Amino acid sequence: MRVDFDPEAMGPNRFYRLLTAVVVPRPIAWVSTISKDSVPNLAPHSFFTVACTKPPIVQFTSVGRKDSLRNVEETGEFVVNFCSEPLFEQVNATGTDFPADLGEFEAVGIEQEPSLRVKPPRVAASPVALECRLHSTLCLGDSTVVFGRVVHAVLSEDVIVDGHPDIELLRPLSRLGRNEWGTMGQIKEIARVPYTVWQQNGS
């Protein structure tokens, strides 16, 4: 037996809580930006994914008009910093609604490092950073999807094995429902079956 949920009857806030509990796990874009007044900003956004591979474009969604969105619109640049398990408390702390003139790097005590191709700083302790220039934005209701072209990527050598990032060393964080967060958990590996092989096995 199933239980029905009507978005119109529930209202946006209740249905939002339902959506974020079932669209899981969600990777987190720890987005660093810089304001037109040169104040560095850092905030987690859990509506995040790859939008295109050629050219490389990533996207994150700002629910409401956050400092990250305003800074990206004004400067055209941002950095997606990787959220790893050891940074759990710092990532969560940067979700606090600090005033716009108080940067999260300073407020939370997070060390920054200069980026190579864009002005916003990177999180020094993050194992991966994707430096992005604004491609476009798309307004959908109360939210804005931000698309950024990746112009540079940097990885810590500590998470690279045989030239490739290793998931067990990256130890990614993800967002679940309510105040729940996810860690890596069990890893399963399986290769896709080409259709020619599928035909052979089925004959």
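**The open sheet and beyond**

A: This is a predicted model. Start with the open sheet, which has three strands in the order 1-13-14. Their pairing is antiparallel. Strand 1 (26-27) and strand 14 (181-182) are the edge strands. Each of these two pairs on one side only.

Now look at one pairing up close. Strand 1 meets strand 13 (residues 174-175) in the antiparallel sense, over two bridges. Pick out Arg 26: its bridge partner in strand 13 is Arg 175.

Next, turn to the largest pocket. About 720 Å³ of space lies in it. Its lining counts 30 residues. Nearest the centre of the pocket are Tyr 16, Pro 44, His 45, Lys 66 and Gly 95. Several elements supply at least two lining residues each: helix 2 (12-22), strand 3 (40-45), strand 5 (56-63), helix 3 (67-75) and helix 4 (88-93). Strand 3 gives the most, with five residues.

Last, go to the surface. Val 193, Tyr 195, Val 197 and Trp 198 form a nonpolar patch there. Together they have about 450 Å² of accessible area. Take Tyr 195 from this patch. Tyr 195 sits in helix 7 (residues 195-202). Is Tyr 195 buried or exposed? Its relative accessible area is 60%. Exposed means over 50%, so Tyr 195 counts as exposed.

Note on methods. Residues are numbered from 1 along each chain as its sequence is written. This is a predicted model: local features need pLDDT of at least 70, side-chain atom pairs count only at pLDDT 80 or more; totals for chains, interfaces and linings use all residues. Side-chain values use heavy atoms; hydrogens and water are left out. Patches are made of residues with over 30% relative accessible area and no salt bridge: like charges are joined within 9 Å, nonpolar side chains (Val, Leu, Ile, Met, Phe, Trp, Tyr) within 5 Å. Accessible areas come from the Shrake-Rupley method with a 1.4 Å probe; for residues, only the protein chains shown count as cover. A salt bridge is a side-chain nitrogen of Lys or Arg within 4 Å of a carboxyl oxygen of Asp or Glu. Helices (H or I, at least four residues) and strands (E, at least two) are DSSP runs, numbered from the N terminus. Buried means under 20% relative accessible area, exposed over 50%, partly exposed in between (1.4 Å probe, protein chains only). Two strands pair if DSSP finds at least two bridges between them. On a 1 Å grid over the protein atoms alone, a cavity is a set of points where a 1.4 Å probe fits but cannot get out, and a pocket is an open set with protein on both sides within 12 Å along at least five of seven lines; lining residues have an atom within 4 Å of a point. Grid points are joined across faces, edges and corners, and a volume is the space filled by probe spheres set on the points.
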